[in-house]
Structures are given as structure tokens and as C-alpha cells.
Amino acid sequence: MTAGPGQPIWTEQADTANAKDMAVLSLVIAPDPRLKAKCDPVKRVDADISRLMDDLLETMKEENGIGLAAPQVGILKRIIVVGAPRGEADDDGEGRSTDPLRMADPEIVWASEETATRDEGCLSLPDHFAEVTRPATIRVRYRDQDDELREIEADGLAATCIQHEMDHLDGVLFVDHISALRRRIILRKLAKSKRQNGPAAAAAV
Ligand SMILES: [Zn+2]
């Protein structure tokens, strides 16, 4: 997910200790059948999956996203990463976690009736944004990079971002939440720019 034009983006360099092991992957741009697929469960997070989570984070930061899902790099597995900060900061900046989340097989176990509407963008639909309404607070169960089962509560931008990324695992894009007319306009523009960028860009995986 991208957080709308003019939103803060990654300014810090990647953790240099690990940077040499990480890879920036090529993004799948809509329209593409891989973005409409239902992804397979991971079931167990092994070293390969854990490395893929790091690569997804590296790719997300490189592309100035705040979240990324495995199908966006052409891997049809239920894996997402989320960089949106969680929780409210107090005056000293405490209480706000900026640690990115690495999630396999995420599952929403509770969602608030209260909703929030935010401007959403997507690295697979570059330069397009739309307001989407979703539950404001969620509880999510998932497997982390060490294959530990975890459960967290998220609200604010993190809640929106987790739901946006989880949608990708079922082949749902943010434009599927808006009117059919606006969706068609956006997808037609993307298809056109893909054709104009030539077969090399269209074939990137
Ligand atoms: Zn997206």
C-alpha cells in the first residue's frame, strides 16, 4: 500500500547489517492475473519464507510503500509485510512502534463496527488513489518470521494497511472497494500505460 500523495516515505537507510542479504524484487503491475489469484497458505515459516519476508520489506522501502503482499512480486503465498507505524505516540514519542510486521497466514479474528475512511494507493496500481472505508480497529492472528503464532491489535493507518495487504492474498485490490465506473477508468489507464511502456515493462515479474 502507498499512503497517498505527499505522505511521509522511508527516509532511513535499510539496516546495513542485513542489507547485503536482501534483494529488491520486481513489482507486478495491474492488470495482471497474479493480482487476482487466491494465494496458498504458508503453514510453516522456514528460512526461505523468512528471507522472502525480508526481501518484501526491502522492496517496500525501495518503492516508498508502507506495506506489500507476496502476490505483488508474483509469489502466490499468504505473506504480507507492513511498515505503517502502530499505536499512538505520547509527547516523548514513546508507545509508537515503527518495527515493521512480517506476517504469514494472517487472519482477522475481530474487527470493530466503527469504520475509518482513508486515501489508499497501491504499488501495483502506481499513481492512482481512492478513499476506501474499512473497520477502524482489528485483531489479527499470524505467524511471524520465527514461525511463532502471534496476535496483535491495530488501529489507525496500520489497520488500514494490514487490511489492504490481506485483500491482496485473496486477489482483491483497493479499486474493488470503489465504484465500478472509477475502477474501470483506473484499470484502463494502467493497461494503456503498460502498453506504452513496451513488452519489457509488461513482462517484469
Ligand atoms: Zn496494494
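Apart from its neighbours within four places in sequence, D55 is in contact with M22, A23 and L25. Contact here says that the C-beta atoms of two residues, placed from the backbone, lie within 7 Å. This is a predicted model, so local features need pLDDT of at least 70 and side-chain atom pairs count only at pLDDT 80 or more, while totals for chains, interfaces and linings use all residues. Residues are numbered from 1 along each chain as its sequence is written.

D55 sits in helix α2, residues 47-62. Helices (H or I, at least four residues) and strands (E, at least two) are DSSP runs, numbered from the N terminus. The cut-offs are 20 or more other C-beta atoms within 10 Å for buried, 12 or fewer for exposed, and partly exposed in between, with C-beta atoms placed from the backbone.

Now the sheet. It is open, has five strands in the order β1-β2-β3-β6-β7, and its pairing is antiparallel. Strands count as paired if DSSP finds at least two bridges between them. β1 (67-69) and β7 (149-154) are at the edges with a single partner strand each, so one side of each has no neighbour in the sheet. On average, neighbouring strands are turned by 40° against each other, direction ignored.

Let us go through some pairs. β1 and β2 (residues 79-82) are joined antiparallel over three bridges, and G67 has V82 as its bridge partner in β2. Helix α2 packs on the sheet, where it touches β1, β2 and β3 (101-111), and its direction makes about 45° with that of β2. Axes are lines fitted to C-alpha atoms, for helices over the stretch in contact, and angles run from 0 to 180 degrees between N-to-C directions.

β2 and β3 run antiparallel, joined by four bridges; the partner of V81 in β3 is R102. Between β3 and β6 there are five bridges, again antiparallel, and A111 stands opposite I138 in β6.

Last, the core. The largest nonpolar core has 48 residues, and those with the most contacts inside it are L56, I79, V81, V82 and I162. Such a core is a set of buried Ala, Val, Leu, Ile, Met, Phe, Trp, Tyr and Cys residues joined through C-beta atoms within 7 Å. Helix α2 gives the most to this core, six residues.
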